[in-house]
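Please read this briefing alongside the sequence and the model.

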Amino acid sequence: MSSATPVANPSPSLDLLCIGNAIVDVVAPVAEDFLGQHGMTKGVMQLIDATAAETLYGAMPPGIESSGGSAANTAAVAAGLGARVGFLGKVAADQLGAVFRHDIIAAGVRYPTPPLAAGAPTARCLILVTPDGQRTMNTFLGASVTFSESDLDHALIKAAKTLYLEGFLFDPAPAQAAFRAAASLARAAGNQVALSLSDPFCVARHRDAFRALLPTIDILFANEAEITSLFETDDFDRAAAAARQAVPLAVLTRSERGSLIVQGAEQAMVPAAPAEVVDTTGAGDAYAAGFLTGLSQGRGLAASGWLGSRAAAAVIGHYGARPRIDLAGLAQASH
């Protein structure tokens, strides 16, 4: 287990600061064979270039466009649940960038990152949802890959009780450097650092780097495919045992089987909240938001996990990654 335990920050002004890719989502329903026709692996995220993004966008059915990005979704949901939240991530000075900025600020999230003045356009993620509700993501990272150490807001990082890092951000090298620097700043200020592994292919690309980062991580979020990939085993229980030894707190989600939360000798098994699955986009992001909000409010592991489960259920019943219900009421009802 990590021995690098931070000394708690006595006066954090934010509960949560999320760092990740600033992306606008385009979500559309497709038939199962659409994925095969376009060479996609169901249920995972792949990176595409500008040309592929244009081609796929043209082939997709009409979709719903909304601000997204994994950590940004977590930030927006946590703010809706009553947490004090900030977000750092890069958009361009273009129309989609303006949409993203408006949406996240309107959600109650502090967002100080200046836009990219020239160069790549704002990132977009083309999300294809099959009839079973599974989402397959195709991401053009655009301006988000320019996020670097110079975009870190040191004051906000030091002011946040928990820094939440999005695994997808590990793809571009400048963002990797920012990732590590932010974690170092947070721990030096006595704050917790949380990491979301984001996607099993992301883990496969960066397994050694993620493992090297674990001694500086206080809270690890992963689904079953991600945690088994990280520890190179097909056995979930074995992967969970490895996570228990590697980090102080591991939050492991298993879709309809709920979640397993392990913290030293303590553990909690949390059921999935009832929901009609329409689109799983953002379910893990919302779960993390609920869990971290619960933790910031002093709830225990099981209660924080249940708030995460309810937040996740609130997003999978419709298209899009952010709930359309009164999140403040959901948080209150989950006490």
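A residue counts as buried under 20% relative accessible area, exposed over 50% and partly exposed in between, with a 1.4 Å probe and protein chains only. The structure is a predicted model, in which local features need pLDDT of at least 70, side-chain atom pairs count only at pLDDT 80 or more, and totals for chains, interfaces and linings use all residues. Residues are numbered from 1 along each chain as its sequence is written, and side-chain values use heavy atoms, with hydrogens and water left out. Helices (H or I, at least four residues) and strands (E, at least two) are DSSP runs, numbered from the N terminus.

**Helix H9**

- Helix H9 spans residues 236–246, and its buried residues are Phe236, Ala239, Ala240, Ala243, Arg244 and Ala246.
- These residues lie on the same side of H9, because they cover an arc of only 165 degrees around the axis; the arc is that of the directions from the helix axis to the C-beta atoms.
- An α-helix has 3.6 residues a turn, so residues three or four places apart point the same way.
- Asp237, Arg238 and Gln245 are exposed on the face of H9 turned away from the buried side.
- The buried residues of H9 pack against helix H8 (224–230) and against strands E11 (249–253), E12 (259–263) and E13 (266–270), where contact means heavy atoms within 4.5 Å.

**Helices H10 and H11**

- Two packed helices are described by the angle between their axes and the distance between the axes.
- For helix H10 (residues 283–296) and helix H11 (residues 301–316), the axes come within 7 Å and cross at roughly 145 degrees.
- Axes are lines fitted to C-alpha atoms, for helices over the stretch in contact, and angles run from 0 to 180 degrees between N-to-C directions.
- On the H10 side the contact residues include Ala283, Tyr287, Phe291 and Leu295, and on the H11 side they include Leu301, Leu307, Val315 and Ile316.
- By class, the residues of this contact are 11 nonpolar, 7 polar and no charged.
- Ala, Val, Leu, Ile, Met, Phe, Trp, Tyr, Cys and Pro count as nonpolar, Asp, Glu, Lys and Arg as charged, and the others, Gly among them, as polar.

**Cysteines**

- A disulfide is a pair of cysteine sulfur atoms within 2.5 Å, and the count by this rule is 0 disulfides.
- Cys18 takes part in no disulfide, and the nearest cysteine sulfur, that of Cys202, is 16 Å away.
- Cys18 is buried, at a relative accessible area of 0%.
- The sulfur of Cys125 has its closest cysteine sulfur in Cys202, at 13 Å, which is too far for a bond.
- Cys125 is also buried, at 4% relative accessibility.

**Serines with positive phi**

- Most residues other than glycine have a negative phi, and most peptide bonds are trans.
- Ser198 has a positive phi, near 75 degrees, and lies in the loop between strand E9 (192–196) and helix H7 (200–213).
- Ser198 is buried, with a relative accessible area of 11%.
- Ser255 has a positive phi near 55 degrees and is found in the loop between E11 and E12.
- Ser255 is exposed, at 57% relative accessibility.
- Ser255 and Val129 are 126 residues apart in sequence, and their C-alpha atoms are 16 Å apart.

**His206**

- His206 is in helix H7 and is buried, with a relative accessible area of 11%.
- Leaving aside neighbours within four places in sequence, His206 is in contact with Phe170, Asp171 and Gln176.
- The C-alpha atoms of His206 and Ala93 are separated by 30 Å, and the two residues are 113 residues apart along the chain.
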